[in-house]
Amino acid sequence: MTTIKAIRQKKTALLQTIYPTDSPVINSTHGKCSLYLTPDQANFNVTNLSTLFNALRKIRFISHEIDLQDIAPQEQNTHYFTGDKFLDYVAYLGCAPAIQFEASPNSNNNNSDFCFIKIHCYKSARLIHSQKQARAPHCPNCEKPVKDWQDRKTESTISCNHCNTTSNIEDFNWRKMAGYAQLFIEITDIFPKEAIPQQLLLDKLANISGTNWQYFYSYKQ
Ligand SMILES: [Zn+2]
């Protein structure tokens with residue numbers, strides 16, 4: 001009988017064959033980056049987070065919770081190890097470095113340089129975007145990039161300097177480099193074009209939540 005574990009080991013071995021561990025590490029010059037999944041509707045939220053956790057665990061996208069020591073008190077998000085079906089849901093492409101699903105044994109307890117899953121849930125929608133290498137969002141009205149958007153932004157809108165219209169933040173085209181939502185599922189240690197979520201995952205999330213999902217990438221500081 002072929003077990004899930006065996007399948008995953010086979011996949012991991014395959015990835016390691018295609019992308020040897022000594023391949024260029026693209027994150028060395030860019031800091032950290034994550035892949036985020038968000039509901040299409042900015043104001044969508046779950047009424048019961050533990051129901052979401054259980055559903056994500058049931059489809060084996062996440063496994064058990066990570067007990068991170070000295071976690072900042074303002075960090076309200078929850079951290080999970082990837083589940084044993086993770087590689088069915090997220091496809092790694094191109095020159096990806098070997099994927100690390102756990103902290104290195106010789107690292108300290110605060111090490112978070114590995115691929116795990118964080119669920120962020122906020123009372124009101126917020127924009128997650130790269131502090132560095134931020135991209136100008138395109139106006140939904142005239143489709144031109146608004147370069148000084150950070151100066152033209154309110155809590156929920158941005159005014160366009162080209163056509164002088166004000167539109168909701170979520171209506172701008174962020175070109176998959178920012179997202180505006182209340183609920184985010186973050187997969188750490190993934191760079192743009194390094195891995196993409198599969199339709200299977202987006203379908204499962206739609207089934208669980210009753211709403212459609214999209215994704216983006218964001219660099220950390
Ligand atoms: Zn415009």
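Predicted model: local features only at pLDDT ≥ 70, side-chain atom pairs only at ≥ 80, totals over all residues.

I then looked up the pairing of S1 with S10: the two run antiparallel and are joined by 7 bridges. Within this pairing I found Leu 37 opposite Tyr 215 of S10.

Pro 197. I next turned to Pro 197, which lies in strand S9. Is Pro 197 buried or exposed? I recorded it as buried, because 20 C-beta neighbours fall inside 10 Å. Beyond the neighbours within four places in sequence, I listed its contacts as Leu 35, Leu 37, Tyr 89, Val 90, Leu 202 and Tyr 215. I also checked Leu 87, 110 residues away along the chain from Pro 197, and read a C-alpha separation of 9.5 Å.

Helix H4. Which residues of H4 (residues 199-209) are buried? I found Leu 201, Lys 204 and Leu 205. Viewed down the axis of H4, these buried residues fall within an arc of 100°, so I assigned them to one face of the helix. On the face turned away from the buried side I noted the exposed residues Gln 199, Asp 203 and Asn 207. I looked up what covers the buried residues of H4 and found, among others, strands S1 (33-39), S4 (90-92), S9 (195-197) and S10 (213-219), together with helix H3 (86-89). Just after H4, I recorded a positive phi of about 75° at Gly 210.

Definitions and conventions. Residues numbered from 1 in each chain as written. Buried ≥ 20, exposed ≤ 12 C-beta atoms within 10 Å, placed from the backbone. Helix = DSSP H or I, 4+ residues; strand = E, 2+ residues; numbered from the N terminus. Arc of directions from axis to C-beta. Contact = placed C-beta atoms within 7 Å. Pairing = 2+ DSSP bridges.
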